[in-house]
Amino acid sequence: MRGTANERRPWTFYALAAFFVLFVLFLYGPMIVIYVLSFQGPNGGLTFPLNGVSLHWFHALIAQERTGDIAGAFRRSIGLAAMVTIFTVVFSVMAGLAFRRRFAGASMVFYMAIASLIMPGLFVSLGIGLVFQSLNMQPTWYGSALGAQLTWTLPYGLLIMFAVLGRFNRAYEEAASDLGASNWQRLLYVTLPIVLPGIIGVALFGFTLSYDEFPRTVLTAGSTNTLPLEIWAMTTNVTSPALFAVGTVTTVISFIVIAVALTSIALIQRRRARRAGKANESTTVS
Amino acid sequence: MKINQQTVSWLQVAPLTLVLVVFFGVPMLLVGAVSFFDYQRWHIVPTFILDNYVELFQSGLTLRLYLTAIKYVVIVWAVTLAIGFTVAYFLVFHVRTLTWQIGLFLICTVPFWTSNIIRMISWIPFLGRHGVFNDGLMRLGIIHQPLSFLLFSDFAVIVAYVHLNTLFMIVPIFNSMARIDRGVMEAAYDAGASRWRVISEVVLPLSKTGIALGTIFVITLVMGDFFVVKIMSGGQSATVVSALSTEISSLQYPPAAASAVVLVVIVALMVSAILRLVDVRRELTG
C-alpha cells in the first residue's frame, strides 16, 4: 500500500510538511504566548516584554481582589462536567446499541440529534431560559445548564458510538451467545470491554465540551457562574495578566483530562496488541 | 420471557431522546411561539402578532447584519477548506506510518478540547499594536509603524474563526480521504495523470462527503457565533447572532426569538442545499 521507508520522498512531501508545521505554529503559537505572559511580574502588562517572572497573577486569582469568584466557578464547572460526562457516556452508549437494529422512529431521533448538534448554542440557551421563565422555575447550573449542555454532548457521543460500533465485529457477540452467555453477560463481558476505548473517547468529549461550554450556559446557569462565564466577564472587565493566568489554569486542566483519556486508550490498545501477539505465538508454536 | 427487539431498542434510546425532547425540542418550539408574542419592558405578552417579523424585515439593519455574517462565512469557509484539504491530504497520503499519522492528527485535534474563549483571547497579545507580530516585523525592519488593522478588526475576527474552526474541516475530509482506495490513484498515475490531475479528478471528488460535512460545520459555527465578533472586532462589527445576544441581554425576548427563527430557517436552507448535493448520512452512519 504505502511506499517503503527507504523510498525517496517527492518534493511535495517537504512542501506539505512545511505547510503542516506552519499550521501547527498557527494553532499553538498564540496559546503559548498567553501561557508565558501569565507568569508576568506584578508590574507587567498584557504584552511583552516580560516585566520579571512571578506567580503574582495566579495568586491574584485566588485572592479574588479584582476578579470574581474564580474558585467557586471552577468547582461548579468541574462538578457540572463530571455530571455531563456520566450522562453522556451512559445515554449515548445505550442509544448507540439501539441504533444497531432497525426501530421505528430511528431516523427521527437521528435527525433531532443532528439538529441539536448544529443549532447555535445561544438559541438553545434562549429556549431553555424561556421554558424555565414560563414555568416560574429558577435556572440552575446543575439543572437547566446540565440539560443545555447535554443537547450538545449527546449528539457528539452518539456520532462517536456510530463510528465505534460500525467497526465492531459482531462475530464476538455471536461466539459469546453460542458459548451460553446471557444477554447481560454478553454486554458486560464482551461488547463493552471491546468498545471501551471508544467509550473513553465519548467521556473525553463529554467532559471537555461541558467544561469549556459558553453559549449554552449563558442564560441557563442562573445566578452563579461557571468558569467560562467567569472568563467571559473577565474579558470585558479585567485588563491584567490575571486573564491569562486563568487561561493557563483552565488549559492545564484540559490537558490533564486529555492526557489521562488518551493514555488510557493507548494502554488498552497496547495490552490488546501484546495479548494478540502472544496468542499468535502460541498458535504457531503448537 | 422474551422481550420484543423493537422494545429493547426503544428503551435503550429513550434517555437520550427524552433529554433532547425536553431540553432541545420543547425550548425550540417555545422560541418559535415567543417570536409571535408581544412584549412590554420586561414582560412577555402572549398574543399572536407579526410585528416582530415585520420590524425585522423592514429594518435595513437586518440586511447589513446578514451581509456581514455571510462575508465572514464565505471567507472563513474558503480559508478553512484550503487549509483543511491540504492538511488532510498531507496526513493521509504523505505520512507513512500509522503511529505518526495518529500522532500528527492528535496534534491538530487537541486544541478542540480546550477553551474556545481562551484560544480567542490568545490572539490579543499576538495581534495588538505592541503585540508579538508587530514587534517582530518592526525588529526585522519590514515595517516602521505598528500595523493597526491586525486587532479589533475584520481581520482579527477572521483569524480567530479560522483558528477555532479549521479542525471541523480537517476531521471529516481526513475521514473521507482515508477511505479512498489507493488502487484508484495508482491506476490514474499509471495512465499518465499528473499529480495535480489525480488531486483534482480523483481525490477531490472522492472527498466531497467530507468537504460537505466540514462545510456544514463551518457555516453553522460561524453563523451561530456571537462572542468572537463581539470581542475580536472590538465592537466595530456585528452579525445576526451578536445583535441578537444584545437584544437578549436587554430582555427583548420576542424580537430576539423572531430573529433566531429567521436565522435557523436560512441556515437550514443552506444545509439542505448541501445535503441535496452530497449524501452525508451515508458518511456519518458508515
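Between which two helices of chain B is the loop that holds B:Phe152?

Analyst: B:Phe152 lies in the loop between helix H7 (132-139) and helix H8 (154-165) of chain B. The model is predicted: local features need pLDDT of at least 70, side-chain atom pairs count only at pLDDT 80 or more, and totals for chains, interfaces and linings use all residues. Residues are numbered from 1 along each chain as its sequence is written, while chains are lettered from A and ligands numbered from 1 in the order in which they are written. Helices (H or I, at least four residues) and strands (E, at least two) are DSSP runs, numbered from the N terminus.

The backbone of B:Phe152 deserves attention, with a positive phi of about 55° although the residue is not a glycine. Most residues other than glycine have a negative phi. B:Phe152 is buried, because 20 other C-beta atoms lie within 10 Å. Here a residue is buried if 20 or more other C-beta atoms lie within 10 Å of its own, exposed if 12 or fewer, and partly exposed in between, with C-beta atoms placed from the backbone.

One partner of this residue is B:Ser233, whose contacts, leaving aside neighbours within four places in sequence, are B:Phe152, B:Ser153, B:Asp154, B:Ala156 and B:Val157. Two residues are in contact if their C-beta atoms, placed from the backbone, lie within 7 Å. B:Ser233 sits in the loop between helix H13 (227-232) and H14 of chain B. It is buried, because 22 other C-beta atoms lie within 10 Å.

B:Leu251, in the loop between H14 and H15, has a positive phi of about 60° although it is not a glycine. B:Leu251 is exposed, because 12 other C-beta atoms lie within 10 Å.

Leaving aside neighbours within four places in sequence, B:Ala160 is in contact with B:Met120, B:Trp123, B:Val228 and B:Met232.

Helix H3 of chain B also holds B:Thr86. B:Thr86 is partly exposed, because 17 other C-beta atoms lie within 10 Å. Beyond its neighbours within four places in sequence, B:Thr86 is in contact with A:Leu16 and A:Phe19.

Helix pairs complete the picture. H12(B) and H15(B) pack at an angle of about 170°, with their axes 10 Å apart. Axes are lines fitted to C-alpha atoms, for helices over the stretch in contact, and angles run from 0 to 180 degrees between N-to-C directions. H12(B) and H15(B) are therefore roughly antiparallel to each other. Angles under 35 degrees count as roughly parallel, over 145 as roughly antiparallel, 65 to 115 as roughly perpendicular and the rest as oblique. Residues that meet in this pair include B:Ala212 and B:Thr215 in H12(B) and B:Leu263 and B:Val267 in H15(B).

Between the chains, the axes of H6(A) and H1(B) come within 9 Å and cross at roughly 140°. That makes H6(A) oblique to H1(B). Among the residues that meet there are A:Gly147 and A:Ala148 in H6(A) and B:Leu16 and B:Val19 in H1(B).

These four helices also have a part in covering H5(A): what covers its buried residues includes helix H6 (144-166) of chain A together with helix H1 (5-34), helix H12 (208-224), helix H14 (240-249) and helix H15 (253-277) of chain B. Of the 14 residues of H5(A), 12 are buried, so this helix is largely enclosed by the rest of the structure. H5(A) is followed by A:Asn136, whose phi is positive, near 60°.

As for chain B as a whole, there are 16 helices and 2 strands, and 43% of its 286 residues count as buried. Its C-alpha atoms fill a box of roughly 80 × 70 × 35 Å, taken along the principal axes.
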